[in-house]
Amino acid sequence: MLRSLRFRLPAIFLAGVLLSGLVASLIAVRLFQQHVEQQTLDELTREATGLSQLYSRQAGNVPLSHKDIELATSDKLFFAEIAPGIDIFPEDGTRGKQISQLPKLEPGLIDKATLEQGGLVKLELVPPGEDRRYIAVAHPIDIEGHVFGALVVAKPKTEIRARWVPLFQRLALAFLGGLIVSGALGWYFSRRVTRPVLALSRAADEVAEGRYVQVPDVRGGDEIAHLSERFNDMADRLRETDELERNFLMSVSHELRTPLTAIRGHVEALREGLIEDPAMRADSLDVIAAESQRLERLVGDVLDLAKLDAHRFTVLREEVDLKRLLDRAYTTFDQEARRRSITYEQIVRAEPVITSDGDRVLQIISNLLSNAFRWTPDGGRIAVELAAENRSVSIAVQDNGPGISQQEHERIFRAFWSLDGGGTGLGLAIARELATALGGRIDLDSELGRGSRFEFVLPSSTPTA
């Protein structure tokens, strides 16, 4: 459970929200602290300035009652003496001592030079007899240009912290609400994301066991939808490949069994002396030789395809007379054309000599001609054309067979695939792979009902693969 993507996605999402919320809360608290402290200092500065002016004007008269002022302002008043022995109020009974009744601070706590210059002093202190820490502002008491002391207005820091409590409460509520909303969204989106991923995982297990299932379509154009489309494409290709391999095994088994049966029958007949006529013995040997060549060709096709797939294919470099090569390929199918009354033409528009692998070029042309003869009906037409232009040469094979639909243009070049399910389906696959290895290509122009044209195009000189 803890290792599942469904748990980790919302957990990571919530962890990110929690971390960002904590950072934002700490920044907000710190800024609020600075704001409150500055606001408190501004208030204390205004109070200290006003009260020190009042005390200065009352010098020599009835002093102000600091207790009444403390009750009115909720702040503490202190007196910092810098001229010891000088009482700025007359000693008129007990009333003249009220300025001295202000709690006094320890000497040296406030910078005397700053006060004498008329400046304010901001400080933190723990007054005598107190255990709380205060934030305070000291303002000089100036009488006729002489500074006799300073009036200190102070506020406990606990009162300042009390202002933070509502902020903490609001932040906590907002943070809790944000976590709940983020958790719900994270869980929702994780399910949206993991549901198709889990479906893909289950489908992958099915495919691994040989059941090529499809995953449901995922709406939207995101990466998950793209992955689902590609997975379905992959499953289709695997299913198709599996079918092609089964068809190939069946086709190869049939292709191998037919010549082997013929060879075995003729060998047994010759061994048992059933064929005594020299002409018949020669015919049997000819059948054995032909069927052996057929087996050799089939095994060679399979080996060629394996080499091409493994990229263990070597291309020779030699001078190749394409006209002579085309004559050889053309002559190979001449007798079949006559037997089936097929109009068989050879059109030579150029006689180029190129640098390539002659045997492989001949193999490609032969495969294209073999494919054309397979699909052309008796009495049809096949033409092979040699041309050269723009530093390239081309050999085109055209027939008037049934043609190939646009949907099948790419598929027919796959190994083990054929339009009618017959044969091994290796000829065109090997031809295309060989053409690519020689630095060329095979183009196809075909539509249903109007035949096909396969064009093998090669550069004038072919690089080594």
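This is a predicted model: local features need pLDDT of at least 70, side-chain atom pairs count only at pLDDT 80 or more; totals for chains, interfaces and linings use all residues.
Local features are given only where pLDDT is at least 70, side-chain atom pairs count only at pLDDT 80 or more, and totals for chains, interfaces and linings use all residues. Residues are numbered from 1 along each chain as its sequence is written, and side-chain values use heavy atoms, with hydrogens and water left out.

Let's start with charge. Side chains of opposite charge can pair when their charged atoms come close. The structure holds 12 salt bridges, a salt bridge being a side-chain nitrogen of Lys or Arg within 4 Å of a carboxyl oxygen of Asp or Glu. In one of them, the side chains of Lys-155 and Asp-75 meet at 2.6 Å, N to O. That pair ties together distant parts of the chain, 80 residues apart: Lys-155 sits in strand β4 (residues 146-156), and Asp-75 in the loop between α2 (66-73) and β1 (76-81). Helices (H or I, at least four residues) and strands (E, at least two) are DSSP runs, numbered from the N terminus.

Are these two partners buried or exposed? Lys-155 is buried because its relative accessible area is 7%, and Asp-75 is buried too, at 2%. Buried means under 20% relative accessible area, exposed over 50%, and partly exposed in between (1.4 Å probe, protein chains only).

Next, look at Glu-124, Arg-133 and Lys-157, which are linked in a network of salt bridges. Arg-133 pairs with Glu-124, their closest N and O atoms being 3.0 Å apart. Lys-157 comes in through its side chain, which makes a polar contact with the side chain of Glu-124 at 3.2 Å. (A polar contact is a pair of N or O atoms within 3.5 Å; within protein, one must be able to donate a hydrogen and the other to accept it, and residues adjacent in sequence count only if both atoms are side-chain atoms.) Arg-133 is partly exposed at 42% and Glu-124 is partly exposed at 37%, whereas Lys-157, in helix α5 (residues 157-162), counts as buried at 15%. Leaving out residues up to four places away in sequence, Lys-157 touches Glu-124, Arg-133, Tyr-134 and Ile-135, where contact means heavy atoms within 4.5 Å.

Arg-338 forms a salt bridge with Asp-334, with 3.3 Å between the closest N and O atoms. The two are 4 residues apart in helix α10 (residues 334-339), so about one helical turn separates them. Arg-338 itself is exposed, at 59%.

Now for helix α6 (residues 164-208), where Trp-164 is found. Trp-164 is buried at 12% and, again setting aside residues up to four places away in sequence, touches Phe-32, Gln-33 and Val-36. Trp-164 and Val-36 are 128 residues apart along the chain, yet 8.5 Å separates their C-alpha atoms. Further along α6, Phe-189 is partly exposed at 47%.

Finally, Asn-367 lies in helix α11 (residues 358-375) and is buried at 16%. Among its contacts beyond four places in sequence are Ile-430 and Ala-431, both of which are among the buried residues of helix α12 (residues 427-437). Just after α12, Gly-439 takes a positive phi of about 85 degrees.
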